[in-house]
Amino acid sequence: MSVSELEHSGQAGRLAVAGRRGPRVAGERAEPDLAAAERAVADLLLALGKDPDSEHLADTPRRVASSYAELLRPREFELTTFGNDEGYDELVVARDIPVQSLCEHHLLPFRGVAHIGYLPGERILGLSKLARVIELFARDLQVQERLTKQVADWLQQRLAPNGVGVVIEAEHLCMSLRGVRAQGALTVTSALHGALREDAASREEFFALTLRHTR
Ligand SMILES: [Zn+2]
């Protein structure tokens, strides 16, 4: 049973609570047609006035197609959660989790860091999984706002914490290499749920812990 089927049947929460090992999580994406992508890259090179048959570019369409296929496909991972047996009810924050994604407007990378905090409910999450949750949504054509919200929504649904917050700070190559050429400009986005959204003190604590190290 896939994760989305679990969601539709409303069993995801129950399964996560049942044991330490959660369901395997994989992005549900159409398989890329690599041959078609290669032809399209060769066409693009040609359209840009380059000769795709020249010695140096001969293998470029294949490399570009496989690079994009890789960047658009998250790795599977197992959602491991643990019972919050000690009743830990303070904020858990993981800072500076690497983020790299592709802007859907220019197909250029944006990269930076994410800070994720949550107030545990009945389950806590293996911390290494936070990086995988980021990757699950980052390996896609994205805008930073949606990526931030998807990660927060996902954690809220899967982990049912008392609150969750996600901050992403990223540099967009479409902004720094072209257009305004704003080198080093960071875009900061955030998404909050539960107590981190509703309760001013919790929200303040979350932002104090996450934004303290902003460059
Ligand atoms: Zn862009």
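1. Which handedness does the crossing of α3 and α4 have? The crossing is right-handed, a term for the near helix being turned clockwise from the far one by less than a right angle. Helices here are DSSP runs of H or I of at least four residues, strands are E runs of at least two, and both are numbered from the N terminus.

2. The model is predicted: local features require pLDDT of at least 70 and side-chain atom pairs pLDDT 80 or more, whereas totals for chains, interfaces and linings use all residues. Numbering starts from 1 along each chain as its sequence is written.

3. The protein chain contains nine helices and eight strands. Of its 215 residues, 29% are buried (20 or more other C-beta atoms within 10 Å of the residue's own, with C-beta atoms placed from the backbone).

4. Eight of the eleven residues of α5 are buried, among them V133, I134 and F137. Beyond its neighbours within four places in sequence, V151 is in contact with V133, I134, F137 and V166 (C-beta atoms, placed from the backbone, within 7 Å).

Key. Contact = placed C-beta atoms within 7 Å. Buried ≥ 20, exposed ≤ 12 C-beta atoms within 10 Å, placed from the backbone.
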